[in-house]
Amino acid sequence: MRPENYQAVNHPPSHEFELNFGPNHPGIEGNFALKVKLQGDIVVEARTDAGYLHRGFEKLMEDRLWIQNIALVPRICVPDPVPMEVCYSLAVEDLANIEVPERAQWIRVLQLELSRIAAHLFFFGGHAATTGMYTPMYWGVADRDLLLDLFEELTGGRIYSIYNLPGGVRQDVPEGFLQRVSDTLDYIDGRLKDYDNLFFTNQIFVKRARGVGTINQQQALDWSVTGPNLRACGLEFDVRRDDPYLIYPQLDFDIPTEQAGDALARTLVRRLEMVESIRIIRQVIKALPDIKGPLRTPIPNPLAWRVPAGESYARVESSKGEVAYYVVSNGGEKPYRVHIRGPSAMHAVQVLEKLAVGSRLEDIAQTIFSLDACPPEVDR
Amino acid sequence: MKKSDLDKVKIKQIPAQKRTNPFANVFDEFVGFCRSRSMFMLHYCTGCGAIELPPAMTSRFDMERLGIQPMVSPRQADILLITGYVSIKTLKRVILTYEQMAAPKYVIGICSCTVNGGMYWQSYATAKKLDEYFPVDLYIAGCMPRPEAVIEGLQQLMQKIKANEANSWKQYYKNYDYFLGNQQHLFGNNWQTPTDVIGEAETYQLAGPNTLGEHTKILQSVQTPLKPLEMKL
Ligand code: SF4
């Protein structure tokens, strides 16, 4: 947004200068950097400088047993770790031809959607902070903590649960857990109205975010944008519905879209998605008590488990976009090759570099946060 | 020096020094008390542990009641929080940041990855032990430590500062040769930072027998002295 009396100034080309934006910068998400070339305060060129969080996951995974990798994969995307676990498990199950019991599938959906709400709350917090509004940040993080408490009760870990494994889930839901989930959802549902007043319809935010980092539908498809960022351009594509996994076909939910494709639309899509996730979890809470059966299909001795040779590809919809695992086995105790397709690698590198050009310096932070990229997953 | 020789070096803790003048001691205690109650924390999100800091900083656990606030510039920060694994590319920036901070400065290593490499023990891209590259006051172990643990760790650091025991920044000057050796081992012999650590050590009168050594000799031979930038309008 420009002040009303703004007048463009023509700078001579010699006024171009370079600015390092990050890695230790309050306007950047995590440990990530941008090199921007500025003319006045207009960005004329932007280059991402990634690699600060590189750990070499794909190589590390070749060195560990199939089951040990479960502990490694959630570290790839820290704010939203559950889809990583589930997706890896799905790929390995496909390879080993394991049928997952129905109850385990429902519990996985419960986790996935809880994780989506938590990640979105965290996203609002971060995004609000880039526009100078710190109250939504405090609220978002505090409400997300309620969900982390639920995770802790279910899995034992606040962030990294290591609860899914090829074949199913580790334990059953504790007694009274579903009631507590339901109570928390009621609370969050009630809070959404306050969030609307404070943040989503607040003119301070709306005026700042409208028109920032606009992508149109064709560009989004060309740049392999996925997830909420794609839906913000008006394309109704969601892996949960278009390439269903687990028990999503049995659930009733809508896929919210927005048309504008800018930072505001991306935020609103996520706001609407939270409502849908709450709807899904309510259905799970209703159905889960009647679904009996085992929690996992036993796998042979996990320390010497040889997964049959072959390759498989599994994808799930995470809160950031489409996550996919391509797993190759040569019949050994360890994966032969694992490739991870993460959404943030596209959003934070190729999309961001193009969106930043022409925008003003203070809008860069907002563009990064509205794309909801997660740097550990860019670098892996 | 080979890496195996560097591994044998033992860094001793610097105890709190009592001065002979009782009034000076009271003054020291007062200064320690004040320092421990108002700290700015530069948190450089180096790894996944950073995700537990927002809960620790905001309403639920509220770090601010301890007098600790986030700060964006290293020049004004007192605490450097290393939140998780440091890849080699990050470590260079962390060292630059650490050297820019004004003394007294305190370093906290959060997460098991800073202690011994954690679950990336065999990764080719991460530095394993943080205190080989610069001194660390306190570790908070866990993968990842809960916000309660972070708060507890910060309280311990406050106790240490109050007792004038958090002196790790002096070790950096006293054993600069050792730390520089490890840095050179990782980044190559051309490694240099803009900060003149040896000069600072002499100014603070903290230069000891281990400040200079064979690694600082390498540094001095490759160092290009920094010239003041030309002012142009
Ligand atoms: S100790 Fe665990 S949580 Fe912390 S940086 Fe290492 S892997 Fe991440």
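## A helix pair in chain B

Which residues in α8(B) meet which residues in α10(B)? On the α8(B) side they are Tyr176(B), Asp177(B), Leu180(B), Gly181(B) and Gln184(B), and on the α10(B) side Glu214(B), His215(B), Thr216(B), Ile218(B) and Leu219(B).

Two packed helices are described by the angle between their axes and the distance between the axes. Here the partners are helix α8 (residues 176-187) and helix α10 (residues 214-222), both of chain B, and their axes come within 7 Å while crossing at roughly 65°. The crossing of α8(B) with α10(B) is left-handed.

## Nonpolar cores

Let's turn to the cores. The largest nonpolar core holds 125 residues, and the members that touch the most others in it are Tyr325(A), Met63(B) and Ile108(B). Helix α4 (residues 102-130) of chain A supplies the largest share of this core, with 14 residues. Another core lies apart from it and has 32 residues, including Tyr44(B), Val86(B), Tyr172(B) and Leu180(B). Leu180(B) is also one of the α8(B) residues that meet α10(B).

What does Met63(B) touch, leaving aside residues up to four places away in sequence? Its contacts are Met41(B), Leu53(B), Ala56(B), Met57(B), Ile68(B), Val150(B), Ile151(B) and Leu154(B).

## Confidence along chain A

Chain A has a mean pLDDT of 85, and 96% of its residues reach 70 or more. Among the elements of this chain, the lowest mean pLDDT, 80, belongs to strand β1 (residues 16-21), and the highest, 90, to strand β7 (residues 322-329). Where pLDDT is low, the predicted coordinates should not be read in detail.

Leu65(A) sits in the loop between α1 (57-62) and α2 (69-72) of chain A.

Leaving out residues up to four places away in sequence, Leu65(A) touches Pro302(A), Leu303(A), Glu333(A) and Lys334(A). By contrast, Pro83(A) is 18 residues from Leu65(A) in sequence, and their C-alpha atoms are 20 Å apart in space.

## Backbone details worth a look

Most residues other than glycine have a negative phi, and most peptide bonds are trans. Here are some exceptions to visit in the viewer. The peptide bond from Ala103(B) to Pro104(B) is cis, with omega near -5°, and Pro104(B) is found in the loop between α4 (88-100) and β5 (106-110) of chain B. The bond from Cys143(B) to Met144(B) is also cis, with omega near -10°. Met144(B) belongs to the loop between β7 (138-140) and α6 (147-162) of chain B.

Ser224(A), which is not a glycine, has a phi near 45° and lies in the loop between α8 (217-222) and α9 (228-231) of chain A. With a relative accessibility of 26%, Ser224(A) counts as partly exposed. Gln205(B) has a positive phi of about 55°, again without being a glycine, and is placed in the loop between α9 (197-203) and α10 of chain B. Gln205(B) is exposed because its relative accessible area is 72%, over the 50% cut-off.

Key
Residues numbered from 1 in each chain as written. Chains lettered and ligands numbered in written order. Predicted model: local features only at pLDDT ≥ 70, side-chain atom pairs only at ≥ 80, totals over all residues. Heavy atoms only, no water. Core = buried A, V, L, I, M, F, W, Y, C linked by side-chain atoms within 4.5 Å. Buried < 20%, exposed > 50% of the residue type's maximum accessible area, 1.4 Å probe, protein only. Helix = DSSP H or I, 4+ residues; strand = E, 2+ residues; numbered from the N terminus. Contact = heavy atoms within 4.5 Å. Axes fitted to C-alpha atoms, helices over the stretch in contact; angles between N-to-C directions. Left-handed = near helix turned anticlockwise from the far one by under 90°. pLDDT = per-residue confidence, 0-100.
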